[in-house]
Amino acid sequence: MYSVRSEFNKTTIILLVAALISLWLAGRINFPLFHIVVELYSIVVASGIFIISWHSRRLHQNGFFTFLGVSALSVVVIDLLHTLTYEGLGVIPQSGAPVATQLWIAGRFLQVISILLAFLFLRRRLRDTPLVASFTIITSLVISAIFIWKIFPVCYEVGVGLTRFKIVSEYLIILLFAVSLFLLRRQWKSFDSLTARFLAASFGFFMVSELTFTNYVGVFGLSNQVGHIFKVAGFYCLYRGVVVISLTRPFDLLFKELKEINHTLEKRVQEEVARNREKDSLLVQKDRQAAIGEMTGNIAHQWRQPLNAISLLVQDLAMREDSGELRGEYLNDAVSRVVDLTRHMSQTITDCSELYRPDKEKMRFCLKERVWKSLKLVEGNFREHCISVKVTAEEEILAQGFPNQFAQVILNVLNNARDALVERKIPDPAIWIEVSRNENYSLVTIKDNAGGIPPEIIGRIFDPYFTTKKEGTGIGLYMSRNIIEQNMSGRLTVRNDEEGAVFCLELCRAG
């Protein structure tokens with residue numbers, strides 16, 4: 001785990017102190033040499049920031065570092081001119097303290113304003129061409145204002161010292177760095193924590209550096225030297241925070257958003273799993289409610305005829321008693337018929353209860369037997385709508401799975417076929433059930449003559465909550481597919497033929 005403490009071990013601190021002492025001594029012995037070393041170090045660091053940010057711009061999740069890198073290249077150009085025009089070098093014809101000071105102020109304004117503007121692009125990407133063109137134009141205008149048009153305000157007068165414009169500019173630059181520090185603090189979580197700390201330290205050193213440049217008289221003075229040392233410290237923090245981290249820990253710098261996503265991925269997964277469990281729980285609850293409704297309806301249809309028969313028998317017994325025609329033999333026969341009818345009604349409840357009782361474990365079961373048991377529960381309802389059902393089944397075709405869940409799937413498919421036949425008012429409604437097998441599976445095919453499923457929805461009928469019925473729940477076929485494919489390792493498919501829809505259940509063979 002990286003931290004500021006691990007970055008600054010004893011060896012690093014000793015080397016930093018030694019470097020600063022060496023710079024200090026170099027400045028006391030030969031200030032121009034000291035100045036060249038300091039400025040070249042700053043130029044190298046800024047160039048490194050540009051190179052890394054530019055070549056990794058496609059990988060950045062935002063435009064902050066790209067903007068900062070391109071602006072650093074402009075600062076490099078101006079700082080290089082500042083170095084070459086410094087007092088005592090004479091490399092460029094228009095050299096000396098006044099020009100060098102103007103370039104210094106221009107470079108610092110460009111640097112701090114660019115940092116401020118970079119915060120605007122923490123949530124957006126940048127287009128390369130407009131960005132480069134803009135900084136090229138700005139840099140050209142600054143250089144032209146100083147060297148060609150000579151309209152840049154005077155910052156230093158020989159023998160007098162700093163002008164009011166230069167002093168006010170330094171304080172304004174300090175204020176802008178303070179604003180940058182405030183924005184960094186507000187956007188702290190948008191950066192890698194170590195990068196953010198180094199950026200904050202860099203801004204702080206730049207502020208102290210600018211403060212020391214508000215009161216010197218000579219360009220070789222002590223205050224000037226101290227300011228440049230603080231500038232070195234500021235660029236060193238930039239170097240550690242951007243260049244070093246981008247080379248040693250590139251994913252922390254370039255993929256901060258991805259890193260945060262990875263940190264919260266487990267929590268998001270847990271939340272999503274909890275939501276899915278809640279949805280599944282609601283689906284199961286609605287499926288149970290629908291199953292109870294179906295069971296109640298099936299019992300009602302199965303009981304309607306026996307209840308009518310019992311009612312007629314009781315009325316006939318009462319009429320015979322009133323007319324004196326009741327005989328012992330007829331009474332015994334009537335009682336026997338009532339017992340048979342009530343036994344049939346009781347068996348209906350037993351069959352329904354067995355069907356909706358949860359299966360505890362997989363077992364071998366006969367497909368034909370389960371199909372007939374399912375049909376027995378709905379025969380009254382189908383008879384009421386004049387729907388004929390024809391079953392073709394080979395003997396002893398076995399499957400491996402949950403027999404009661406399989407029967408529920410058969411009922412779901414049959415009830416959907418019934419609803420389609422009734423809704424479309426098919427003249428001779430019919431359903432065909434075929435039980436067969438192939439080399440790999442035991443098969444149950446259920447076909448109707450309701451005209452088929454519309455092509456625009458046939459691909460969605462197994463989706464949860466999808467229904468075309470006014471009072472449908474949209475979970476029957478969804479749960480049916482889950483039972484066959486997830487619980488029983490089979491497959492449930494649907495297609496249309498010339499007459500209607502064809503549902504095919506493929507189940508693991510047993511025996």
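Before we zoom in, what percentage of the 511 residues of the protein chain count as buried? And then, which residues of helix H6 are buried, and what covers them?

Tutor: Happy to, and keep in mind that this is a predicted model. On your opening point, 45% of the 511 residues in the protein chain count as buried. The chain has 15 helices and 9 strands, and 75% of its contacts with a separation of 6 or more join residues 24 or more positions apart.

Now for H6. This helix covers residues 128-147, 20 residues in total. From first C-alpha to last it reaches 29 Å, close to the 28 Å expected at 1.5 Å a residue. Its buried residues are Asp128, Leu131, Phe135, Thr139, Val142, Ser144, Ala145, Ile146 and Phe147. Their cover includes helices H3 (31-55), H4 (64-84) and H5 (97-118).

Let's stay with H5 as the partner. Two packed helices are described by the angle between their axes and the distance between the axes. Here the axes of H5 and H6 come within 10 Å and cross at roughly 160°. With that angle being over 145 degrees, H5 is therefore roughly antiparallel to H6. The crossing of H5 and H6 is right-handed. On the H5 side, the contact is made by Val99, Gln102, Leu103, Ala106, Leu110 and Ser114; H6 brings Phe135, Ile138, Val142, Ile146 and Phe147. Look back at the buried list and you'll find Phe135, Val142, Ile146 and Phe147 there too.

Notes:
Residues are numbered from 1 along each chain as its sequence is written. This is a predicted model: local features need pLDDT of at least 70, side-chain atom pairs count only at pLDDT 80 or more; totals for chains, interfaces and linings use all residues. Side-chain values use heavy atoms; hydrogens and water are left out. Helices (H or I, at least four residues) and strands (E, at least two) are DSSP runs, numbered from the N terminus. The expected span of a helix is 1.5 Å times one less than its number of residues. Buried means under 20% relative accessible area, exposed over 50%, partly exposed in between (1.4 Å probe, protein chains only). Contact means heavy atoms within 4.5 Å. Axes are lines fitted to C-alpha atoms, for helices over the stretch in contact, and angles run from 0 to 180 degrees between N-to-C directions. Angles under 35 degrees count as roughly parallel, over 145 as roughly antiparallel, 65 to 115 as roughly perpendicular and the rest as oblique. A crossing is left-handed if the near helix is turned anticlockwise from the far one by less than a right angle, and right-handed if clockwise.
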